[in-house]
Amino acid sequence: MSVFLRRSCGAALAYAVATQGALADLTADDVWSNWQGYFTSMGYTITGDESSADGVTTISNMTLSMALPEEEGQFQMVMPEMTLTENGDGTVSVGIPENFPMKITGQAEEGDFAATVTYSHSQLNMVVSGAPEDMTYDYNADMLSISLDSIAVDGETVPDDVFDLAVAANDLNGSSRMQIGENRDLTQTFNAASLTYNMNFQDPESGETGLINGQLDQLAFEGENVFPKDIDLSDPQSFYEAGFAFDGVFTYASGNTDLSGTSEGQAFSMNSTSEGGRFAATIDAEKLVYDIDQNSTTLAVTTADLPFPIEISMANAGLNFEFPVQQSDEVQPFGLGFNLTDFTMSDVLWGIFDPAGALPRDPATIALDATGTAKVLMNIFDPEIDLESEEAPGELHSLKINELLVSLAGTKLTGDGDFAFDNSNTEEFDGLPSPSGVANLELVGANQLIDTLIGMGIISDNDALGARMMMGLMAVPGEEPDTLNSTIEFTEDGQILANGQRIK
């Protein structure tokens with residue numbers, strides 16, 4: 001079912017992206033012809049009854065469909081009527097019904113699967129301007145929404161309270177420019193006062209329930225797409241090789257999510273808020289790049305197991321990575337980073353394991369910034385690859401730790417490192433490629449933390465002695481009090497040196 005849902009959702013996404021700006025021209029007839037040619041080139045079948053009068057072309061019963069690969073089902077959208085009105089000033093207005101269905105059918109593990117999703121709008125206005133090879137779509141609306149209308153398995157309709165989903169954008173406007181040359185180049189901007197999402201579900205067998213309500217405020221998007229003229233959506237590898245690419249950034253000013261439900265007969269709830277964030281993504285035939293960032297996040301969780309809420313917050317949380325995605329005999333660069341900045345938790349939660357307040361409760365921070373090179377051994381977009389295979393997807397050839405920071409409970413660990421890896425030698429380190437290089441580390445406040453943990457009764461004197469002996473083996477005292485420095489070197493012949501002393 002996961003394969004089916006992934007591909008059917010991909011078809012729906014392709015339709016949504018395309019309708020933002022691929023279909024425009026200076027005359028109504030040309031708009032319809034361009035629409036037909038565009039979707040046909042993407043592997044869809046498009047039909048409709050065309051009639052024209054007084055500068056208005058009406059397309060009745062317009063149907064857009066695509067057979068999903070491996071006979072897993074079909075995506076179908078039926079629009080009862082669409083109007084294309086020539087405004088007399090070189091522009092065309094597009095009118096669509098206030099709501100219409102999109103259907104997905106196929107095979108799932110539980111049996112035959114069918115779902116109907118309803119698209120709705122309020123006061124949607126769309127105007128096309130430009131030239132046949134350079135068209136701009138401008139639009140605005142009070143509301144656009146997509147909601148799950150029905151689900152059926154083996155012909156039996158699933159009750160609404162078993163699963164329901166709705167997403168709506170409010171007070172929105174946007175612009176899409178499609179330039180047609182060797183490819184179709186799409187540039188888009190989008191702004192919405194808010195985006196709301198609601199989902200509820202209930203497991204008929206266990207009785208477990210869940211309800212999710214959330215909202216993002218001042219949502220904005222800027223991005224660019226490259227669409228090859230002839231692509232096969234059932235074969236992702238082929239359309240990436242043909243030149244498909246996406247580069248875009250979503251931002252929002254604030255957000256909140258409420259989640260509640262029951263699990264194993266016990267009620268729970270969760271609330272999260274943030275003061276804005278961003279999500280940037282780039283994907284093409286060579287690389288996959290994500291950059292996610294969220295500001296001033298708070299989280300409160302209540303469960304039946306605890307008589308008080310679990311409350312945590314952080315000033316910033318981020319994740320970014322860049323990975324190559326195509327098989328190559330050459331090594332390719334990659335990057336990875338994350339940060340959890342100024343993480344705090346409530347005094348009630350601290351009190352579970354530190355009621356006397358012995359440990360410093362300063363905000364904690366964890367951060368890592370790393371780059372390197374690797375050889376990719378398989379194309380991740382190839383539908384024939386076995387994702388459950390134990391075969392390694394690539395080889396690590398180098399790794400540079402530009403920044404390492406762990407600061408919590410009065411201690412601070414910082415460091416950097418630079419390593420190369422010999423993939424022809426996997427005997428020295430239990431099947432892993434043999435490393436060579438140097439890591440530099442500094443640890444501040446470790447002895448004070450050990451003394452505090454002894455006083456709290458969390459560790460014994462013997463445990464502390466073992467920890468201090470290990471630190472003495474791996475590190476040397478720094479210039480400042482309670483500071484340890486360590487230089488760890490991996491040599492090409494398999495040795496490990498700590499501050500010049502061989503430990504392996």
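Biologist: Is A356 buried or exposed, and what is its relative accessible area?

Modeller: This is a predicted model, in which local features need pLDDT of at least 70 and side-chain atom pairs count only at pLDDT 80 or more, while totals for chains, interfaces and linings use all residues. Residues are numbered from 1 along each chain as its sequence is written, and side-chain values use heavy atoms, with hydrogens and water left out. A356 is placed in the loop between α4 (347-353) and β20, where helices (H or I, at least four residues) and strands (E, at least two) are DSSP runs numbered from the N terminus. With buried meaning under 20% relative accessible area, exposed over 50% and partly exposed in between (1.4 Å probe, protein chains only), A356 is exposed, because its relative accessible area is 72%.

Biologist: How far apart in space are A356 and M456?

Modeller: Along the sequence, A356 and M456 are 100 residues apart. In space, taken from C-alpha to C-alpha, the separation of A356 and M456 is 8.7 Å.

Biologist: Which residue has its C-alpha atom 6.3 Å from that of D161, although the two are 40 residues apart along the chain?

Modeller: D161 belongs to the loop between β9 (156-157) and β10 (163-180). At a relative accessibility of 46%, D161 counts as partly exposed. The residue whose C-alpha atom lies 6.3 Å from that of D161, 40 residues away along the chain, is F201.

Biologist: What is the phi of D54?

Modeller: Most residues other than glycine have a negative phi. D54, which lies in the loop between β1 (45-53) and β2, is exposed at a relative accessible area of 81%. Although D54 is not a glycine, its phi is positive, at about 55°.

Biologist: In which loop does Q123 lie?

Modeller: Q123 also has a positive phi in a residue other than glycine, with a value near 55°. Its relative accessible area of 51% makes Q123 exposed. The loop that holds Q123 is the one between β6 (111-122) and β7 (125-131).

Biologist: With which side chain does the side chain of T57 make a polar contact?

Modeller: T57 is part of strand β2 (residues 56-68) and is buried, with a relative accessible area of 2%. A polar contact is a pair of N or O atoms within 3.5 Å, where within protein one must be able to donate a hydrogen and the other to accept it, and where residues adjacent in sequence count only if both atoms are side-chain atoms. At 3.0 Å, the side chain in polar contact with that of T57 belongs to S52.

Biologist: How many aromatic pairs does a search of the whole structure find?

Modeller: Rings of Phe, Tyr and Trp (its six-membered ring) pair if their centres lie within 6.5 Å, and planes under 30 degrees apart count as stacked, over 60 as edge-to-face and the rest as tilted. Searched over the whole structure, the number of aromatic pairs is 12.

Biologist: Why does the pair of F221 and F246 tie together separate parts, and how many residues apart in sequence are they?

Modeller: The pair of F221 and F246 is stacked, at 6.2 Å centre to centre and with 5° between the planes. Because F221 lies in strand β12 (residues 209-228) and F246 in strand β13 (residues 245-252), the pair ties together parts whose separation in sequence is 25 residues.

Biologist: Which residues form one aromatic cluster with F279?

Modeller: The cluster has five names, and F279 is one of them. The others that form this aromatic cluster with F279 are Y290, F321, F323 and F334.

Biologist: What percentage of the residues of the protein count as buried?

Modeller: The secondary structure comes to 6 helices and 27 strands, and the C-alpha trace spans about 90 × 55 × 45 Å along its principal axes. Of the 504 residues of the protein, the share that counts as buried is 37%.
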